[in-house]
Amino acid sequence: MKRIITTIIFSFFLLNSYAQDSYVKLPVSESNCPTVIIEKDIIANERVIELAKELIAEISFLKDKPNRKEHKFFNLTANGIYFVSLKKKTPFKKQSELNEFFGIEKNNAIFVNGYLIEHSDYKIASESIIEIELVEPDSSNKLDRKAINVWTLTLEQRISGCKRQNLN
């Protein structure tokens, strides 16, 4: 009996230690497009850096899934992340500004391309905003209150995905 209990406890320990963190997302997020983060806290799309190729100071790409506890951008990494530093300022909107504009509490959750932004210090590049939708809670999205989903992807990219290209 001791051996069975020990085996069960050990099994639970192993299962727990190898469990994967899952992404917090809306059911509409099925794209293969990477997230672009400018200057460590501005979420954008690839178009912003395509238009400013000559202004790129530095660019790197993270394709592996990082640790949720160590990286505040964890939930945005489902399809990889480009980290970009530009030689120009990027106009942006704060999450609280978007919530306030839509009459929602300033600290309400915001999603980008269907993925939850888990930290309030992230901003969204103004020129990357293609569409903003107000998402009502229902059984498919399991939200407990209204939320905003900001699309930085075109409708074609949402359906067909993004073409991988060399941004250097």
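Visitor: Which residue meets Arg 145 in a salt bridge?
Guide: A salt bridge is a side-chain nitrogen of Lys or Arg within 4 Å of a carboxyl oxygen of Asp or Glu. Here the side chains of Arg 145 and Glu 105 form one, at 3.6 Å from N to O. Arg 145 sits in the loop between E9 and E10, and Glu 105 in the loop between helix H3 (95–101) and E6, so the pair ties together parts 40 residues apart in sequence. Helices (H or I, at least four residues) and strands (E, at least two) are DSSP runs, numbered from the N terminus.

Visitor: What should I know about the model itself?
Guide: This is a predicted model, where local features need pLDDT of at least 70, side-chain atom pairs count only at pLDDT 80 or more, and totals for chains, interfaces and linings use all residues. Residues are numbered from 1 along each chain as its sequence is written, and side-chain values use heavy atoms, leaving out hydrogens and water.

Visitor: How many salt bridges are found in the whole structure?
Guide: Five. One of them joins Asp 41 to Lys 123, with the closest N and O atoms 2.5 Å apart. That pair links distant parts of the chain: Asp 41 is in the loop between E1 and E2, Lys 123 is in strand E8 (residues 123–125), and they are 82 residues apart. Another salt bridge joins Glu 131 and Arg 158, at 3.1 Å between the closest N and O atoms. Glu 131 belongs to strand E9 and Arg 158 to helix H4 (residues 155–160), 27 residues apart.

Visitor: Is Arg 158 buried or exposed?
Guide: Buried means under 20% relative accessible area, exposed over 50%, and partly exposed in between (1.4 Å probe, protein chains only). Arg 158 has 17%, so the residue counts as buried. Lys 123 is buried at 15%. Arg 145 is partly exposed at 38%.

Visitor: Which residues have the most contacts inside the largest nonpolar core?
Guide: In soluble globular proteins, nonpolar side chains tend to be buried together. A nonpolar core is a set of buried Ala, Val, Leu, Ile, Met, Phe, Trp, Tyr and Cys residues joined through side-chain atoms within 4.5 Å. The largest one has 15 residues, and Ile 110, Ile 117, Ile 124 and Val 150 have the most contacts inside it. Strands E6 (110–112) and E10 (147–151) each supply at least two of its residues. Another core, of eleven residues, lies apart from it and includes Ile 38 and Leu 86.

Visitor: What is the strand order in the open sheet of four strands?
Guide: Strands of a sheet pair through backbone hydrogen bonds, either parallel or antiparallel. Two strands count as paired if DSSP finds at least two bridges between them. The order is E7-E6-E10-E9, with mixed pairing. Strands E7 (115–116) and E9 (131–135) are the edges, each pairing on one side only. E6 and E7 run antiparallel over two bridges.

Visitor: Which way do the side chains of strand E1 point?
Guide: In a regular strand the side chains alternate between the two faces of the sheet. In E1 (residues 35–38), Thr 35 and Ile 37 point one way, Val 36 and Ile 38 the other, and all are buried. E1 pairs in the parallel sense with strand E4 (residues 81–86), over four bridges. With strand E2 (residues 42–44), E1 pairs in the antiparallel sense over three bridges. Val 36 stands opposite Tyr 82 in E4 and opposite Ala 44 in E2.
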